[in-house]
Amino acid sequence: MEKQTTGVVITLREIYDSVQNVGDSLKRMEEKLLHLEEKSLRAVKADESSREALNVSRDAYKLAKESSEAIQSYERSRHQQRQWFIRTLIAAVIPYVVSCAIGLFYMFGK
C-alpha cells in the first residue's frame, strides 16, 4: 500500500531562491536605512545650526535694541542741553536789553 500525501511539495531550489530574495530585500532595506540615518544626521546638524543662528540673531537684536536706547538717550540729553543753552543765553541777554532800554528811556526821556 502506497501512502499518499496531500499538500504542496517545496523543493530545495525554491527555498534557496526565497532565501536569496529575502537576503536581497534585506540589503536594499539596509541601504535605505543608512540613507535615512544620514539624512536624519544632516537634519540634526541643520537644527543645531539654526539654533545657533537663532541665538546669534537674538544677541544681535538685543545689542541693536540697547544701541537704539543709547542713541535715544543721547538725543534726549542733547536736546535738553540745547534747551538749557538757549535758556541760559536768554537769561544772560535779558539784563543787557533791560539796561539798554532803561538807558535809552533815561537819555531820551529827559
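How many residues does helix 1 have, and how far does helix 1 reach from its first C-alpha to its last? In this predicted model, helix 1 has 98 residues and spans 141 Å between those two C-alpha atoms, which is close to the 146 Å expected at 1.5 Å a residue. Helix 1 covers residues 12-109, and a kink of about 25° lies within this helix at Val-93, shortly before the proline Pro-95.

A search of the whole structure for salt bridges finds two, and they are set out below.

| Salt bridge | N to O distance | Accessibility of Arg | Accessibility of Asp |
|---|---|---|---|
| Arg-13 with Asp-17 | 3.6 Å | Arg-13, 55% | Asp-17, 31% |
| Arg-51 with Asp-47 | 3.2 Å | Arg-51, 54% | Asp-47, 36% |

In the pair formed by Asp-17 and Arg-13, the side chains meet at 3.6 Å, N to O, and the two residues stand four apart in helix 1, so that about one helical turn separates them. Arg-13 is exposed, with a relative accessible area of 55%, whereas Asp-17, at 31%, counts as partly exposed.

Arg-51 and Asp-47 also lie in helix 1, four residues apart and about one turn of the helix, and their closest N and O atoms are 3.2 Å apart. Here Arg-51 counts as exposed at 54% relative accessibility, while Asp-47, with a relative accessible area of 36%, is partly exposed.

Why does a spacing of three or four places matter in an α-helix? An α-helix has 3.6 residues a turn, so residues three or four places apart point the same way.

Notes:
Residues numbered from 1 in each chain as written. Predicted model: local features only at pLDDT ≥ 70, side-chain atom pairs only at ≥ 80, totals over all residues. Heavy atoms only, no water. Salt bridge = Lys/Arg side-chain N within 4 Å of Asp/Glu carboxyl O. Buried < 20%, exposed > 50% of the residue type's maximum accessible area, 1.4 Å probe, protein only. Expected span 1.5 Å × (residues − 1). Bend = angle between axes of the 7 residues up to and from the residue.
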